[in-house]
Amino acid sequence: MAPKNIVILGGSYGGLSTAHYLLKHALPVLPAQDPYQVIVVSTSSQAMCRQACPRAMISDDMFPQDKLFVNIPELFTQYPKDQFRFVHGAATRLDHVTRRITITLNARSNPTAETEVIEYHAIVIATGASTPSPLLGLNQDEVFLHEQWTEFRKALPTAKRIVIAGGGPAGIETAGELGEYLNGRSGWFSSKRAHPNVSITVVSSASQILPALRPAVAKKAEKFLADVGVTVLKNTRVKGVSPSDAGTRNITAKATVILDNGRVLDADIYIPAIGTTPNTGFLDPSLLSDDRRVKTNNTFRVEDAGLRIYAIGDVASNVQHPAVHVILNSIPVLCANLKRDLRLAAGVDPASVGEDRVFEEDTRTNQMVPIGQSKGVGEAMGFQLPSVLVWLVKGRDYWLWTTGMLWSGRQWVKEK
Ligand SMILES: Cc1cc2nc3c(=O)[nH]c(=O)nc-3n(C[C@H](O)[C@H](O)[C@H](O)COP(=O)(O)OP(=O)(O)OC[C@H]3O[C@@H](n4cnc5c(N)ncnc54)[C@H](O)[C@@H]3O)c2cc1C
């Protein structure tokens, strides 16, 4: 008998945790008359600690590579063989009327077929968001990311001028890492590197960098950046860049960066760290909100798309501040509701499936921003954190210490 497919699109924080949680806590309690299979579809066959990109892009020596990248299929060999399948490819069209998902298969893993169409019983969209700079995540597969890092690393030793657009955490972390790596850190008695080897400039349209943090904390970050030779331009927007693909499709193109105040900066390397774009191109536009995320309610259902269709993580519209800790709080709620819907669809008595769970986001400021390998700023639950604590929790290895639990599913051993 063909299994009922529970398809999960995206093999990262949202997708892999959902898969583990369902395999551990939903499939075992579904009525035995039907077989079920969890199918994870992802453009990359490896999961990675995305937060580490600002440091990892510099050199493979920064992190143990076998912890930074993990093979997705291997993480699921712990479950019965017939309950899990991995498909290496990109979702290219979701037909929510006929309940089919079309996948363009990764040519390296699937030399004999180009596409696959899967009929789904339930589907979870966890395809996240892409960054304009391909250095900052799995915009395509892992091979592509390594190629981008290799090209960047070749250009780094001769770069004399680096311009980074964006004063949010990704831009500031990248500037701090590059500054410390290329310029070193000034000593106790000089507060600023007078003649940095490499001129690194962060351009931010806001009146302070790290706008989510209080102004005093942002000022402290600016001082730490100055210590590693980074200059910050605030209230300034990048109006254009020439060539237009510099930093995006051509990451090491020498670029002319045109600012809205008329100034022009020459860059040997230009890194756009401004915002993200939700990976939703395969969905019907009617399912998307104005910012192109999937319209998702606070039970994680995508109501406009029919029964048993859900979204989670950076791609979903129901969170204000997408982040890994928000996803970790979301997983038990999404999975409880999905399990409930699967049981109802299997004919389980409604009186015994429990109530829907509703997600409430903790909107207090929770943001830590390392600036190089020994300093950092941040706030947790609205409280300012000392630099040493930011280093201890995040700056040492950019959360790599947490991903073993997540990727292996040990985080979800107990139903929450
Ligand atoms: C540089 C940087 C630093 C960050 N630092 C932090 C931090 O310190 N703390 C924090 O909490 N958050 C941080 N974030 C945010 C955090 O990384 C995201 O919230 C998190 O990665 C979102 O997880 P996700 O599973 O929703 O999607 P993503 O991590 O974006 O993963 C999406 C997955 O879907 C796959 N995919 C994409 N399109 C398709 C498709 N069409 N079909 C199939 N698969 C597809 C991708 O390959 C990827 O595997 C950072 C983000 C960046 C860019």
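Two strands count as paired if DSSP finds at least two bridges between them. Strands (E, at least two residues) and helices (H or I, at least four) are DSSP runs, numbered from the N terminus.

## About the model

This is a predicted model: local features need pLDDT of at least 70, side-chain atom pairs count only at pLDDT 80 or more, and totals for chains, interfaces and linings use all residues. Residues are numbered from 1 along each chain as its sequence is written, and side-chain values use heavy atoms, with hydrogens and water left out.

Strands of a sheet pair through backbone hydrogen bonds, either parallel or antiparallel.

Look at β13 and β14 (residues 255–259). They run antiparallel and are joined by 4 bridges. Val241 stands opposite Val257 in β14.

## The seven-stranded sheet

Another open sheet has 7 strands, in the order β7-β6-β5-β2-β1-β8-β18, with mixed pairing. Its edge strands, β7 (115–119) and β18 (309–311), each pair on one side only. With direction ignored, neighbouring strands of this sheet are turned by 35° against each other on average.

Inside this order, β1 (residues 4–9) and β2 run parallel, joined by 6 bridges. Leu9 stands opposite Val41 in β2. Helix α1 lies across β1, β2, β5 and β8 (122–125), where contact means heavy atoms within 4.5 Å. α1 runs at about 150° to β1.

## Around the ligand

The ligand is surrounded by 31 residues; the closest are Ser12, Thr43, Asp314, Val324 and Lys394. By class, the shell has 14 nonpolar, 14 polar and 3 charged residues. Nonpolar covers Ala, Val, Leu, Ile, Met, Phe, Trp, Tyr, Cys and Pro; charged covers Asp, Glu, Lys and Arg; the others, Gly among them, are polar. α1 (13–25), β2 (36–42), β5 (84–95) and α8 (324–345) each supply at least two residues of the shell.

A polar side-chain atom of Lys394 lies 2.5 Å from a ligand oxygen atom. A polar backbone atom of Val324 is 2.8 Å from an oxygen atom of the ligand. A polar backbone atom of Ala91 is 2.9 Å from a ligand nitrogen atom. Taken alone, the ligand exposes 990 Å², and the protein buries 90% of that (Shrake-Rupley method, 1.4 Å probe).

## Two backbone exceptions

Most residues other than glycine have a negative phi, and most peptide bonds are trans. Leu210 has a positive phi, near 45°. Leu210 lies in the loop between β11 (199–203) and α7 (215–227). The peptide bond from Ser242 to Pro243 is cis, with omega near 0°. Pro243 lies in the loop between β13 and β14.

Note on methods. A residue is near a molecule or strand if one of its heavy atoms lies within 4 Å of it. A polar contact is a pair of N or O atoms within 3.5 Å; within protein, one must be able to donate a hydrogen and the other to accept it, and residues adjacent in sequence count only if both atoms are side-chain atoms. Axes are lines fitted to C-alpha atoms, for helices over the stretch in contact, and angles run from 0 to 180 degrees between N-to-C directions.
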